[in-house]
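This report goes through one protein model, region by region.

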Amino acid sequence: MRDLIFPVHHDGDVGLQAQLRQHLVDAILDGRLAADSPLPSSRRLAQALGVSRNTVVLAYQALADEGYLIPRERVGYFVNPEMLDGATAAGAPSTATAPPRRDSARAQKRDFSHRLQLRPSRQRHLVKPHNWSQYPYPFIYGQADPSLFPIAAWRQCSRQALSVRAIERWSEDSYDEDDPLLVEEVRTRVLPRRGIRARRDEILITMGAQNALYLVARLLIGGRTTVGIEDPGYVDARNIFAMAGARIRPLPVDEGGLVIGRGLRRCDLVYVTPSHQSPTTVTMPMDRRVGLLDAAGRYGFTIIEDDY
């Protein structure tokens with residue numbers, strides 16, 4: 001029982017039940033709770049931690065569902081031995097006295113780096129400090145001002161999305177289509193403001209811009225594909241296209257966005273952010289947009305427009 005006295009914060013960001021579950025999992029995996037050992041009754045643990053008995057009961061039930069505990073009728077909950085099979089407590093010394101086998105030592109020294117076909121960690125990435133919100137002037141790329149976020153509207157939408165009828169709709173396994181209501185909102189509310197008319201079957205919902213760019217890269221880019229990218233431009237787009245095997249061709253940017261020049265004729269694809277150029281934020285004027293379309297028709301390249 002002494003090993004199960006751990007701090008719980010009643011005013012923390014994480015709920016009491018979630019804190020309790022995490023502490024119990026740590027105690028099991030760290031070896032403080034031995035295999036098949038009983039846990040204290042929900043009443044005793046609740047009194048010791050200063051929480052309600054329901055909190056402990058729900059935490060026990062959740063860990064039983066996840067396989068960490070085994071419930072035994074009229075007896076209580078016990079640590080599932082299968083969770084500790086092959087596990088070693090943190091910092092526990094090894095009791096093995098036999099010297100390591102030669103093939104085992106060779107396996108430990110084996111370098112698998114030559115099997116890596118891609119090395120994303122060597123690309124240039126945007127660096128964001130974790131404590132950026134504590135800066136007096138946090139001009140950090142890609143972060144929104146929390147004071148401008150529509151919290152009230154977001155809460156209302158969240159409540160609607162978590163209603164019983166809503167959950168029944170969006171929890172269905174629609175493996176071959178996106179949420180029809182969301183697609184309809186995009187088709188009738190979002191795209192018309194951009195001057196875009198699209199059918200329902202022409203709209204694909206992705207998990208953000210990077211996922212969309214990854215899908216585009218998989219579909220359109222091969223080893224001989226040349227992709228023209230604004231310079232300066234969106235770093236993650238360049239990285240995604242490069243990992244797909246594209247030959248990257250930097251294209252100059254001025255106060256009107258992407259410059260329509262002779263470099264376009266050597267491109268198979270041209271990635272552009274005309275509405276809000278990344279990172280300069282300039283907007284491409286209409287005559288230049290028309291010029292880009294004319295160049296695409298003349299040189300035969302495909303435009304990837306990111307409405308950033």
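## Confidence

Confidence in the protein chain is lowest in helix H4 (residues 102-109), with a mean of 53, and highest in strand E6 (residues 269-272), at 97. The score is pLDDT, the predictor's confidence in each residue, from 0 to 100. Helices (H or I, at least four residues) and strands (E, at least two) are DSSP runs, numbered from the N terminus. Averaged over the protein chain, pLDDT is 84, and 88% of the residues score at least 70. Over residues 88-99 it stays under 50, and the model has two contacts beyond four places in sequence for that stretch. Contact means heavy atoms within 4.5 Å.

This is a predicted model, in which local features need pLDDT of at least 70 and side-chain atom pairs count only at pLDDT 80 or more, while totals for chains, interfaces and linings use all residues. Residues are numbered from 1 along each chain as its sequence is written, and side-chain values use heavy atoms, with hydrogens and water left out.

## The loop between E6 and H10

Gln277 sits in the loop between E6 and helix H10 (286-299). Gln277 has a relative accessible area of 1%, so it is buried; buried means under 20%, exposed over 50% and partly exposed in between, with a 1.4 Å probe and protein chains only. Its side chain makes polar contacts with the side chains of Glu230, at 3.2 Å, and Thr280, at 2.6 Å. A polar contact is a pair of N or O atoms within 3.5 Å; within protein, one must be able to donate a hydrogen and the other to accept it, and residues adjacent in sequence count only if both atoms are side-chain atoms. Not counting residues up to four places away in sequence, Gln277 touches Glu230, Pro232, Gly233, Val253, Val282 and Tyr308.

The loop between E6 and H10 also holds Pro279, and the peptide bond from Ser278 to Pro279 is cis, with omega near 10°. Thr281 lies in this loop too. Its phi is near 75°, a positive value in a residue other than glycine. With a relative accessible area of 43%, Thr281 is partly exposed.

## Other backbone features

Most residues other than glycine have a negative phi, and most peptide bonds are trans. Asp231 and Pro232 are joined by a cis peptide bond with omega of about 5°. Pro232 is in the loop between strand E3 (226-231) and helix H9 (235-243).

Arg74 has a positive phi, near 65°, and lies in the loop between strand E1 (69-72) and strand E2 (76-79). Its relative accessible area is 85%, so Arg74 is exposed.

Helix H2 (residues 42-49) packs against helix H3 (residues 53-65) at an angle of about 120°, with the axes 8 Å apart. Axes are lines fitted to C-alpha atoms, for helices over the stretch in contact, and angles run from 0 to 180 degrees between N-to-C directions. H2 and H3 are therefore oblique to each other; under 35 degrees counts as roughly parallel, over 145 as roughly antiparallel, 65 to 115 as roughly perpendicular and the rest as oblique. Ser42, Arg43, Leu45 and Ala46 in H2 meet Arg53, Val56, Val57 and Tyr60 in H3.

Ala35 is in the loop between helix H1 (16-29) and H2. The C-alpha atoms of Ala35 and Pro81 are separated by 4.5 Å, although the two are 46 residues apart along the chain. Leaving aside neighbours within four places in sequence, Ala35 is in contact with Val79, Pro81 and Leu84.
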